[in-house]
Amino acid sequence: LMLAWQMPLNDDTKADLIELLLDEDPTVCWLAKATFDKQGTDPKPILQARMKAAKGDDRIPYACALFTIAAGDPSVKLSWRHLSHKDPAIRHRVACTAAFREFSPIDAPDAPSVAVPKEFEKTLLKVLLESLKSYQPQRREQAAAVLINVPLPLQDHVPALLDRLADPSPRLRWHVLSIMGVPGLKLKNRTKNLAPLLIDPSEEIRYATILALANQGVDGSPLLLQAALKEVVPRLH
């Protein structure tokens, strides 16, 4: 995408960018759309035509792409009932699309927010937490990335979040620590679960751990003192 940003659109690059609009990760879709914008081309008609020609569940990727790039358009709708689809991949895709479009801080003045219907909020959160346990690393990372910005109550799901701190993916661990850095989320007597991450090989993980501990106030103080004495992140001093 960074390279495509510099290149003019032709038949080959346009076809590749259309495929990126259909990527499961809504961030990739949004960046592909921004590349089209820079070139002065609207990909919406192409997606709409392909969606019209598709059948059944094959329409869902196009619906998600259109919802990501043009959620404020009355003609673009996302079927919230797909959050209860029998296929976990479809549930995940719809949940990440909805959470990204509604809650992520998209840096664009023409990015209208489309509220998640109240009756679907609990289902949305349930699907994202389900994806955190997926056997697919990419799916776990995507779910954690959008959960950072979801203003739905996570306090009852602290054990599920802590369980992900042992995940082999550094990116996922960083996302989960960022969730724990959100004001109001309290670990109470579980701050000790963060101790192993103070000696994580990644300085970024250690830094995120300190921020998460700082969010815990007095409960995080013993481990913060330990971090300071060991200088786990020198630049904090």
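Predicted model: local features only at pLDDT ≥ 70, side-chain atom pairs only at ≥ 80, totals over all residues.

Reader: How far apart are the closest N and O atoms of Arg 140 and Asp 167?

Author: They are 2.7 Å apart in that salt bridge. Arg 140 belongs to helix H8 (residues 137-147), while Asp 167 is in the loop between helix H9 (158-163) and helix H10 (170-180), so this pair ties together parts that are 27 residues apart in sequence.

Reader: Is Arg 140 buried or exposed?

Author: Arg 140 counts as buried, because its relative accessibility is 8%.

Reader: And what about Arg 164 and Asp 167, what do their side chains do?

Author: They meet in a salt bridge as well, at 2.8 Å from N to O. Both Arg 164 and Asp 167 are buried.

Reader: Why would such side chains pair at all?

Author: Side chains of opposite charge can pair when their charged atoms come close.

Reader: How many salt bridges does the count come to?

Author: Nine salt bridges. One of them is between the side chains of Glu 121 and Lys 118, at 3.7 Å from N to O. Lys 118 is exposed, because its relative accessible area is 66% and the cut-off for exposed is over 50%.

Reader: New topic. Where does the charged end of Lys 33 sit?

Author: Over the ring of Trp 30, at 4.9 Å from the centre of that ring.

Reader: Rings, then. How many aromatic pairs are there?

Author: A search of the whole structure finds two. In one, Phe 67 and Trp 80 have ring centres 6.0 Å apart and ring planes at 85 degrees, so the pair is edge-to-face. Phe 67 lies in helix H5 and Trp 80 in the loop between H5 and helix H6 (88-103), so the pair ties together parts that are 13 residues apart in sequence.

Reader: Why two values for one pair?

Author: Because a pair of aromatic rings is described by the distance of the centres and the angle of the planes.

Reader: Are Phe 67 and Trp 80 buried or exposed?

Author: Phe 67 counts as buried, with 3% relative accessibility. Trp 80 also counts as buried, at 14%. Together with Phe 120, Phe 67 and Trp 80 form one aromatic cluster.

Reader: What about the largest nonpolar core? How many residues does it have?

Author: It has 68 residues, and the members that touch the most others are Leu 124, Leu 128, Leu 147 and Met 180. Helix H5 (residues 60-70) gives the most to this core, with nine residues.

Reader: Pick Leu 147. What does Leu 147 touch?

Author: Leaving out residues up to four places away in sequence, Leu 147 touches Leu 125, Leu 128, Leu 129, Leu 132, Leu 154 and Ile 179.

Reader: Back to H6. Where can I find Val 94, and what does Val 94 touch?

Author: Val 94 is in helix H6. Val 94 is buried, with a relative accessible area of 0%. Apart from residues up to four places away in sequence, its contacts are Ile 60, Cys 64, Leu 78, Ser 79, His 82 and Leu 83. Val 94 and Val 127 are 33 residues apart along the chain, and their C-alpha atoms are separated by 9.3 Å.

Reader: Is Arg 91 buried or exposed?

Author: Arg 91, which lies in helix H6, counts as buried at 14% relative accessibility. Its contacts beyond four places in sequence include His 82, Val 127 and Glu 130.

Reader: What is the phi of Lys 188?

Author: It is near 55 degrees, a positive value in a residue other than glycine. Most residues other than glycine have a negative phi. Lys 188 sits in the loop between H10 and helix H11 (203-214) and counts as exposed at 55% relative accessibility.

Reader: Last one. Which elements have the lowest and the highest mean pLDDT?

Author: Helix H1 (residues 2-6) has the lowest, 63, and helix H4 (residues 44-53) the highest, 93. The protein averages 84, and 89% of the residues score at least 70.

Definitions and conventions
Residues numbered from 1 in each chain as written. Heavy atoms only, no water. Core = buried A, V, L, I, M, F, W, Y, C linked by side-chain atoms within 4.5 Å. Buried < 20%, exposed > 50% of the residue type's maximum accessible area, 1.4 Å probe, protein only. Helix = DSSP H or I, 4+ residues; strand = E, 2+ residues; numbered from the N terminus. Contact = heavy atoms within 4.5 Å. Phe/Tyr/Trp six-rings, centres within 6.5 Å; stacked < 30°, edge-to-face > 60°. Lys NZ or Arg CZ within 6 Å of the ring centre and 35° of its normal. Salt bridge = Lys/Arg side-chain N within 4 Å of Asp/Glu carboxyl O. pLDDT = per-residue confidence, 0-100.
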